[in-house]
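Reader: I have a structure open and would like to talk it through. Could you guide me from the overall picture down to single residues?
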Amino acid sequence: MSEHSTSDDEAVEQVSTVVIGAGHAGLAASHFLSARAIDHVVLERGEVANSWRTERWESLRLLTPNWQSRLPGQRYDGPDPDGYMTMGEVVELIERFAKDSGAPVQTGVNVTSVRRTDHGYVVTTSRGELHARAVVIASGACNRPTVPALSESVPASIEQLTTFDYTSPEQLPDGGVLVVGASATGVQLAAEIRRSGRPVTVSVGEHVRLPRTYRGRDVLWWMDASGIWDERYDEVDDLNRARRLPSPQLVGTPERNTLDLNALSDLGVELVGRWAAIRDGRALFSGGLRNVFSLADLKLQRLLTNFDEWASGQGLDAELDPPERLAPTRVPDTTRLQLDLDSGEIRTIVWATGYRPDYSWLEVPVLDPKGQLVHDGGVVESPGLYALGLPVLRRRKSTFIHGIEDDAREVVDHLAQYLAADG
Ligand SMILES: Cc1cc2nc3c(=O)[nH]c(=O)nc-3n(C[C@H](O)[C@H](O)[C@H](O)COP(=O)(O)OP(=O)(O)OC[C@H]3O[C@@H](n4cnc5c(N)ncnc54)[C@H](O)[C@@H]3O)c2cc1C
């Protein structure tokens, strides 16, 4: 980084590229920028791996197996390739990556605005101003929990938590818990809260069902080996939909258990439909659970059939267990369509309804009406502005730890060409 003088003789820090965020995505960008000797700095408002330190619950483990936690120049070399990392282990993994790649990270530096100028960008931070020709936004896709507006009509007697507030069941009052959402987060929290002895109801909308293992291999081995995760963003049929897909119902446990809705029912969790409205103090849930379940079962069936066809085509049948099919998701005999929120039955609501990015600091007009960054494979429509770590950014695997290497290399290739052409 250098200093130069502007016309009014004020010293300004100048750098070719600013990377915002020191999660694995920002650090991967830094790795490839260093490899190309591009002068840069990584600005991080907290510490390296801040999201994993501060925004996750206590029992969380990665749902991706250890062998898959690969980063540029770093492969898992521990004793348990098929295990799933705890949060402490993820923080260590990312810290080691930052150290080994010598990333120029400045921690405790909050980016408060990014503005475009004739020569690039002005990045304003809690420590001052930086001028850069290019900016890589690697500030994360999950900065805020998404909570539907109907939460505002929930009676004050019920405690409401998002997944950012939730740490463990001990923190909850005794009594019934309504978990809203049945993606990875929702099913994991529902199971652990139920095991704490509390009655749990889960409101289920569209979801992605997956077994933990299939034919003796981790289901994510299948996704990886069969090439599904490598599918490029410009080959995906409905990119908008692919980018909005909920996370699969998976949990990483030493026992490698499947955690689908049948597993929740076995634990005594009650399933209800999508939470549609609140009327007269009552939560109203959509009917049609049967349809929601059969859609997820059908998609799972198709996926497993694709896996089987791929395995046969590769001549792998002999070394894998025989094909199997999962029992359909059981539809409860009776499904409640309403729940009286004033009755005291529910003491806590946990919103597991997804996450969204926060670009409140971005003063360049590159957001769509829903507040999502408009980009083409991470190339934002403002010269010199790039993004990493967003869903299906360049491939289906883009938001996962193992997905960043290919994306970061290609985005930095584009950035390097831009800097070279820009002179
Ligand atoms: C609950 C949960 C479980 C997940 N499980 C898995 C899993 O099992 N396997 C897997 O591969 N992926 C998983 N993911 C997905 C993904 O790997 C993580 O979301 C990961 O944290 C994304 O990395 P990132 O570098 O893109 O963003 P982040 O890790 O969020 O890093 C962004 C960084 O930018 C910083 N930042 C943001 N705004 C500013 C600002 N204005 N100024 C300065 N710094 C800023 C943040 O503090 C943060 O450190 C999970 C995600 C969630 C939410």
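Author: What follows moves from the whole chain to its strands and then to individual residues. This is a predicted model, in which local features need pLDDT of at least 70 and side-chain atom pairs count only at pLDDT 80 or more, while totals for chains, interfaces and linings use all residues. Residues are numbered from 1 along each chain as its sequence is written, and side-chain values use heavy atoms, with hydrogens and water left out.

Reader: How many helices and strands does the protein have?
Author: There are nine helices and 22 strands. Both are DSSP runs numbered from the N terminus, with at least four residues (H or I) for a helix and at least two (E) for a strand.

Reader: Why is it said to be as compact as a globular protein of that length?
Author: The radius of gyration is 23 Å, close to the 22 Å that the globule rule gives for 423 residues, so the protein is as compact as a globular protein of that length. The radius is taken over C-alpha atoms, and the rule is 2.2 Å times the number of residues to the power 0.38. The C-alpha trace spans about 75 × 60 × 40 Å along its principal axes.

Reader: And what share of the residues is buried?
Author: Buried residues account for 51% of the 423. Buried means under 20% relative accessible area, exposed over 50%, and partly exposed in between, with a 1.4 Å probe and protein chains only.

Reader: What about contacts between residues 24 or more positions apart?
Author: Such pairs supply 68% of the contacts with a separation of 6 or more. A contact here means heavy atoms within 4.5 Å.

Reader: Turning to the strands, which ones does E7 pair with?
Author: Strand E7 (residues 128-137) runs antiparallel to strand E6 (residues 120-125), joined by five bridges. A hairpin links E6 to E7 through two residues, and Val122 has His131 in E7 as its bridge partner. E7 is also joined to strand E22 (residues 385-387), in parallel, by three bridges; there, Ile137 is partnered with Ala387. Two strands pair if DSSP finds at least two bridges between them.

Reader: Which way do the residues of E3 point?
Author: His40 and Val42 point one way from strand E3 (residues 40-43), Val41 and Leu43 point the other way, and all are buried. E3 pairs with strand E4 (residues 105-106) in the parallel sense over two bridges, and Val42 stands opposite Val105 in E4.

Reader: Now the backbone. What is the phi of Arg215?
Author: Phi of Arg215 is positive, about 50 degrees, although the residue is not a glycine. Most residues other than glycine have a negative phi. Arg215 sits in the loop between strand E12 (213-214) and strand E13 (217-218). Val392 also has a positive phi, near 45 degrees, and is found in the loop between E22 and helix H9 (404-422).

Reader: Are those two buried or exposed?
Author: Arg215 counts as buried at 2% relative accessibility, and Val392 counts as buried at 6%.
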